[in-house]
Amino acid sequence: MLTQSDVNTMATAFNQIDTSMKGFIMAEEVRDVYKLLGHKSITDEEFQALLAKTDIDPEQEISFDDFLKLADSAGKPVNSQAESDYDTLLAFVSMGGTSDMSGEVDVEKLRKVVKEFDLTIDIEGLVHELDNDGDGKVKWEEFKAMLTAPSSPLAVRKGVQG
């Protein structure tokens, strides 16, 4: 049974994936989230069985209620690293990336967030440092490094309050 906190987390995840705000997402998008939540070993057959168990047609769009049914059936994340990766994915999507870890962060959005929170971070320098392919765009692995590398000024550190 999902707690209210679980429902709130799932609502945030659903809304991050449903960027068109239609109220529906596709099954493959749900699968991407499940992998990040620690269900990395889920096979195609297991995922199809999970959909069947909850009477969800994999060819149809999935509503938030169905999304909650799937979340309740699949169980909790396996580990805290999976939860951290999931949080990082949500941040990536909110900055312009996609839930399947493609796309890229809108650097202008990143600048606005830094300014909004009065952070003194050289975004251009950080992007230049982490931009492995030199295209001036921040892709998933680069964004993840930006938020998790110990030397990054944006690194999220557990137990440290600002």
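This is a predicted model: local features need pLDDT of at least 70, side-chain atom pairs count only at pLDDT 80 or more; totals for chains, interfaces and linings use all residues.
**Entry 1: Lys139 and Asp135**

I started with aspartate 135, which is partly exposed at 33% relative accessibility (buried means under 20% relative accessible area, exposed over 50%, partly exposed in between, with a 1.4 Å probe and protein chains only). Its side chain meets that of lysine 139 in a salt bridge, 2.1 Å from N to O (the criterion is a side-chain nitrogen of Lys or Arg within 4 Å of a carboxyl oxygen of Asp or Glu). Lysine 139 counts as partly exposed too, at 28% relative accessibility.

Residues are numbered from 1 along each chain as its sequence is written, and side-chain values use heavy atoms, with hydrogens and water left out.

**Entry 2: other salt bridges**

I got 7 salt bridges for the structure. One of them joins glutamate 61 and lysine 22, at 3.1 Å from N to O. I checked where the partners sit: glutamate 61 is in the loop between α3 (44-53) and β2 (62-63), lysine 22 is in the loop between α1 and β1, and they are 39 residues apart (helices are DSSP runs of H or I with at least four residues, strands are runs of E with at least two, both numbered from the N terminus). Glutamate 61 is partly exposed with a relative accessible area of 35%, whereas lysine 22 is exposed at 53%.

Next I looked at lysine 137 and glutamate 104, whose closest N and O atoms are 3.8 Å apart in their salt bridge. Lysine 137 lies in the loop between α7 and α8 and glutamate 104 in the loop between α5 and α6, so this bridge ties together parts 33 residues apart in sequence. Lysine 137 comes out partly exposed at 38%, and glutamate 104 is partly exposed at 31%.

I also noted a salt-bridge network that links Glu108, Arg111 and Glu124.

Which side chain of opposite charge is nearest to aspartate 18? I found lysine 22, 6.3 Å away; aspartate 18 is buried and has no salt bridge (Lys and Arg count as positive, Asp and Glu as negative, with His and the chain ends not counted). Aspartate 18 sits in the loop between α1 (4-17) and β1 (24-25).

What does its side chain have within reach, then? A polar atom of the aspartate 18 side chain lies 2.7 Å from the backbone nitrogen of glycine 23. Leaving out residues up to four places away in sequence, aspartate 18 touches Gly23, Phe24 and Ile25 (contact means heavy atoms within 4.5 Å).

**Entry 3: positive phi**

I went through backbone angles and picked out two residues. Methionine 21 is not a glycine, yet its phi is positive, near 60°. Methionine 21 is in the loop between α1 and β1 and counts as exposed at 62% relative accessibility. Aspartate 118, also a non-glycine, has a positive phi of about 55°. Its place is the loop between α6 (107-116) and α7 (123-130), and aspartate 118 is exposed with a relative accessible area of 67%.

**Entry 4: rings**

I counted 5 aromatic pairs (rings of Phe, Tyr and Trp, the last by its six-membered ring, pair if their centres lie within 6.5 Å; planes under 30 degrees apart are stacked, over 60 edge-to-face, the rest tilted). Phenylalanine 92 and tryptophan 140 make an edge-to-face pair, with 5.4 Å between centres and 75° between planes. That pair spans 48 residues, from phenylalanine 92 in helix α5 (residues 80-94) to tryptophan 140 in helix α8 (residues 140-148). Both phenylalanine 92 and tryptophan 140 are buried.

Phenylalanine 92 also forms a tilted pair with phenylalanine 143, at 5.6 Å and 50°. Phenylalanine 143 is in helix α8 and phenylalanine 92 in helix α5, so the pair ties together parts 51 residues apart in sequence. I get 0% relative accessibility for phenylalanine 92 and 3% for phenylalanine 143, which counts as buried.

Ring pairs also link Phe14, Phe64 and Phe67 into a cluster.

**Entry 5: whole chain**

I ended with the totals. The chain has 8 helices and 2 strands, in the order α-β-α-α-β-α-α-α-α-α from the N terminus. Of its 162 residues, 38% count as buried. Among contacts between residues at least 6 apart in sequence, 55% join residues at least 24 apart.

Definitions and conventions: A polar contact is a pair of N or O atoms within 3.5 Å; within protein, one must be able to donate a hydrogen and the other to accept it, and residues adjacent in sequence count only if both atoms are side-chain atoms.
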